[in-house]
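Subject: A structure to look at

Hello,

I am passing on a structure that you have not worked with before.

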Amino acid sequence: MSREDPDFLRELRGPSAAADGVFWQTERQLMVFDAEAAARVNAENFAELTLPDRLADLLRRRSSTPVSWKQVRSVWLARLRHLAGEDGLAALDGRMESLLRARLGEHVNLPWLAHEVTFRSLVPIVIDGLPARDRARISADAIAKLARLLGEAEEDPPLWRAGRPLAVQIRAGLVVRKELRRRARRRGPARDDLTEPIATELLDALGMDRAVDAVTAVLTAIAGPPGAAAACVLYALVRHPEWADRVAAEFARVGPGELYRSGTRCVPLAHRFVKEVLRRWTAPTMLTRSVRTPLRVRDHELGVGQHYVVSPAMVHQDPRRWRDPEVFDPDRWLPGAANGPVSGRDYVPFGWAPTGCVGAGLGAVQLVLWCRLLCTAFRIEVTDPAALRMAVGAVPLPLGFDGRIVARS
Ligand code: HEM
């Protein structure tokens with residue numbers, strides 16, 4: 001269930017401020033909203049990142065080959081550096097543009113369109129070369145997950161539909177499994193995506209079920225925050241037309257080729273704009289973590305089996321650290337701005353080490369490319385601007401945001 005931004009975050013800000021950013025919400029769940037405490041608790045909880053044993057081994061009561069999650073992350077990080085290079089960005093931009101063109105003039109829910117375009121354009125980076133039917137199965141699973149995330153899933157679905165999300169999830173898992181098996185047997189060309197190193201370098205150590213889980217984890221990761229952030233970029237462009245004009249003027253001076261080559265450095269204004277969108281409306285709002293090892297956060301003891309919640313959104317709205325946190329001001333990112341971050345710890349749109357987002361660099365450039373498309377090739381037309389408002393649930397979600405994307409002449 002989404003709630004209005006001021007109510008939801010302010011409701012939590014009260015106890016958070018009284019307790020200096022760390023307080024128990026229930027007996028088993030500690031809220032850790034202070035920037036320093038959140039960074040520390042995450043680092044300690046995930047200092048040891050060995051994957052759990054495989055299901056098959058658990059059933060046979062034996063241990064699996066230990067694999068560190070850091071190993072999986074490092075093959076992905078290496079590949080993403082390359083995929084976020086000039087050719088990769090041009091291809092990503094091209095995919096976003098064709099997906100938008102396919103929807104031109106249609107009356108759509110704009111946040112869902114943002115989710116659709118970002119997710120579908122990212123899929124080939126995670127798992128490329130799938131036949132159309134398999135791509136549709138992967139998308140169906142993402143849509144089911146998104147519906148739950150955005151709180152639009154039916155609360156009381158009829159019986160015949162109640163099992164659907166699970167069936168959809170199983171079918172998507174089977175697609176990933178089949179593709180991993182095919183690649184491990186070196187059938188077909190090698191693909192430049194995040195599935196390839198899992199299939200060709202790590203499959204023996206991981207085993208099939210952990211390999212499927214790893215690829216599924218990235219598919220889940222690209223099905224939420226990137227689309228939520230892209231929807232918030234649309235919202236900010238509509239809500240702040242003066243900024244939309246400034247950003248458009250900058251894009252008019254810089255060609256896409258330069259953007260693919262040198263990244264966001266060549267468009268500092270658009271870069272500040274996107275940075276501020278990620279601060280003001282941060283997705284995901286809360287991250288609930290299971291305690292893996294006994295922890296101490298300030299005076300609070302946390303035991304295995306309990307949970308803590310960290311929140312990039314609350315860190316970004318902390319009035320002890322940000323001047324006027326509720327004001328959208330991209331210029332707070334100018335060097336030396338009085339309302340800028342107090343320290344590097346205060347800006348965490350991609351989470352915390354050692355589990356921080358592996359796609360942070362790519363995600364940030366994708367948002368700038370998205371912003372460029374909407375400021376140069378296309379225009380947003382909102383059906384009822386007066387109905388537009390921002391809600392915050394698991395992710396920020398602009399409501400009353402129906403309209404059309406049209407081509408600029
Ligand atoms: C604007 C876009 C994005 C945002 C705001 C975002 C945000 C996040 C956040 C907050 C986390 C949790 C970090 C933590 O646990 O501390 C995360 C994890 C993750 N993200 Fe992203 N993300 C974005 C784009 C991407 C992209 C493009 C990819 C891949 C191509 C990606 C892959 C992942 C993965 C695999 C994880 C799990 C990391 C782990 O558990 O070690 N993300 N992301």
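This is a predicted model: local features need pLDDT of at least 70, side-chain atom pairs count only at pLDDT 80 or more; totals for chains, interfaces and linings use all residues.

Residues are numbered from 1 along each chain as its sequence is written.

**The ligand**

The ligand is surrounded by 26 residues, and the closest are A221, G351, C357, G359 and G363 (a residue is near a molecule if its C-beta atom, placed from the backbone, lies within 6 Å of it). Two or more residues of this shell come from each of α6 (110-126), α11 (208-221), α12 (225-239) and α17 (360-376). Helices here are DSSP runs of H or I with at least four residues, strands are runs of E with at least two, and both are numbered from the N terminus. By type, the shell holds 20 nonpolar residues, five polar and one charged. Ala, Val, Leu, Ile, Met, Phe, Trp, Tyr, Cys and Pro count as nonpolar, Asp, Glu, Lys and Arg as charged, and the others, Gly among them, as polar.

**A helix pair**

Helix α12 also meets α15 (residues 268-280): their axes come within 10 Å and cross at roughly 110°. Axes are lines fitted to C-alpha atoms, for helices over the stretch in contact, and angles run from 0 to 180 degrees between N-to-C directions. The two helices α12 and α15 are therefore roughly perpendicular to each other (the term covers 65 to 115 degrees). Which residues meet? From α12 they are A229, C232, V233 and A236, and from α15 V274, V277 and L278, with contact meaning C-beta atoms, placed from the backbone, within 7 Å. This contact of α12 with α15 has seven nonpolar residues, no polar and no charged.

**Two sheets**

Five bridges join β9 to β12 (residues 402-407), and V382 stands opposite G403 in β12.

The other open sheet has four strands, ordered β2-β3-β8-β5, with mixed pairing. Its twist averages 30° from one strand to the next. Strand β5 is joined to β8 (residues 307-310) by four bridges, running antiparallel, and T288 has V309 in β8 as its bridge partner.

Best wishes

Methods. Angles under 35 degrees count as roughly parallel, over 145 as roughly antiparallel, 65 to 115 as roughly perpendicular and the rest as oblique. Two residues are in contact if their C-beta atoms, placed from the backbone, lie within 7 Å. Two strands pair if DSSP finds at least two bridges between them.
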